[in-house]
Amino acid sequence: MKILLVEDDATTIDYIVKGFLEQGHNIETASDGHQGLSLATSSQYDLVILDRMLPQLDGLKLLAALRATGNQTPVLILSALAHVDERVKGLRAGGDDYMTKPFAFSELLVRAEKLMHRGQSVPVTTDLVVGSLKMELLTRNVTLDGQELLLQPKEFQLLKYLMEHANQVISRTLLFEAVWDYHFDPRTNVIDVHIAKLRRKFEELGHGELIETVRGAGYRLRQRH
Amino acid sequence: MTVIIGALLFTLYRQLIIEQQYQVTQSLESETQRYQQLALTVDRRSFAAQIRAADPQTALIAWRDSYDMVGALSFMPEDMPMLPQTRDFPILTGGPDKLHILTGGLVMTRYGPVLIATRTDNLATLIDKFISAAATAVMLTIVLTLAFGYLFSKAILRRLVQYNRLSEQIERGHYNTRLPLSWRQDEFDMLALQFNNVLDILENNLLAVRGATDNIAHDLRTPLSHIRIGLEELASKPSDEISEGCAILTEELDHCLATFDAMLSLTRIEEGQQTLDLQELSLAQLCTDLLDMADAVAESNEQTLSLSLLSDYKVFGDKYLLFQALYNLVDNAMKYSGQGARIEIIQSGPQIQIRDNGPGIPDDSKERVFERLVRLDPSRHLQGTGLGLSMVKAILSRHNAKITLTDNHPGLVVTITF
């Protein structure tokens, strides 16, 4: 996948470029608005990661100009402007997702991949399989090592999201968004409580270690080899 | 001003002219009648005597008795019209004012045409005098108007210069500067008053922001110093503990950021800078969602959480903000009421109650808990920013809802009324 990063802070550029290269993506960078716009309009990208406060041309203006040319490349806005109003402004201007700085690369990766795969025709999956964990989406049947797991609706949604992103660190914010319709940072242990319940059910079948807590980052569903 | 005076004077002048003409016509007419009557009643000789004796102040009479001119005039001008038509004609006198203008006409009598004339040059001089007096008056008013206008504009300009100087002071950061008010209560004072009101509001906002930033700085200092210590210790840690240490520091940092964000959004909501995304909401639905989210947490605390919906009520509000406020209250109840507590959410019409049977809040602290960064738990061992209830209050007051804390004997009852 080919990504364009428009960002003027060198440290952030290094951090993001290193991360995506490790994941096997191809990433190009532009350090000001004009360069960003000319790159975005002259070559084909699967995703544009866009800072807002850029030299020469503001990120939102760049985005408006890009959309005005009919270019529909997914754009993920990455900005230090964190307020709800700013987020709304970014999404209204044609952004597909909005992340605020500071951020964790793991979360950026999940959001970026979601946007990059959006246009592709996803083969209709009815089953998710991660190691010995199987989830049938139609019957909502979940089995571990062939033994059935009885899950509450929220636990089911959480596990589904973790299985779709197996081996990736998923932040609490992402899990929260995946399960609840209300977007706010609850600063509570709601997610932890649900994960703990899920993990207890795994433990009963002898596989508590499948859901790993990554301190300071979130959770990861491990795929056993 | 000058134009009005000019117009008045002109009207007066017109009246004067009309009046003069009227008087001339009147006196000529009465003289005409007199001599016509006279001619009918007396003989030619007494008629001549009468004409000779006529008072020249009233009218000048002239009559040609065969060859001699009788009366005040020594000649009969040619082409005189018959009265009431008149004509102006000049005469010479031996007196100091040599040339006079007379107005007059002929009247036919039994003894031939009689010239009846009257002096109009006195009136004409009067009118001349009037015109020059009027012109002087008009000139004077123009001069006075200009002088007063100049002085008046000087005064206005002086106030504007003063306002300008004061606003420059404000620009330089003297935000307590106010524009002076005079006793006149004129438009300038109204402007100054309005300007001062704006300055009051701006200064208050500025102080609020300053207060908030001071609080942020204060509350961030502790976690930031923890991080600093942690980073110093990290260098001397065995390599297998480094990743765990980093994770702990990241969590501390996230907590800092969360506090920072909460401070900013609290200020924005309190100051009304955040626009609410208003929509019709069902309180019953909000409470159902609340139970849905909080249920598992209560269960893990071995608490029972119950929901009673008595009668639904619709409000216009910001769904996310209201939910955040309500969740915050339920979350507090779960955090502070302890293991095994019973928590009830009761929604009845415009009222939502969250009741618990935990330790409650002492009466003297019930108001204080809404202040920023006030946490009754001095050890602060439970995670939180100390802003939750301030945020709840700010959100509810933006929705014109009231919140009260009362005793549940034991425990706390939080009542929200829309």
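## Before you start

This is a predicted model, in which local features need pLDDT of at least 70, side-chain atom pairs count only at pLDDT 80 or more, and totals for chains, interfaces and linings use all residues. Residues are numbered from 1 along each chain as its sequence is written, with chains lettered from A and ligands numbered from 1 in the order in which they are written.

## Chain B as a whole

Chain B has eight helices and twelve strands (DSSP runs numbered from the N terminus: H or I of at least four residues for helices, E of at least two for strands). Of its 418 residues, 22% are buried, meaning that 20 or more other C-beta atoms, placed from the backbone, lie within 10 Å of the residue's own.

## Where the chains meet

Here 22 residues of chain B are in contact with 21 residues of chain A (C-beta atoms, placed from the backbone, within 7 Å). Helix 5 (239-270), helix 6 (283-300) and helix 7 (319-336) of chain B each supply at least two residues of that side of chain B. Helix 5 of chain B gives the largest share, ten residues.

## Helices 6 and 7 of chain B

Let's look at two of these helices together. The axes of helix 6 and helix 7 of chain B come within 10 Å and cross at roughly 35 degrees (axes are lines fitted to C-alpha atoms over the stretch in contact, with angles from 0 to 180 degrees between N-to-C directions).

Among the residues that meet are Leu286(B) and Met293(B) in helix 6 of chain B, and Phe323(B) and Tyr327(B) in helix 7 of chain B.

Notes: Contact = placed C-beta atoms within 7 Å. Buried ≥ 20, exposed ≤ 12 C-beta atoms within 10 Å, placed from the backbone.
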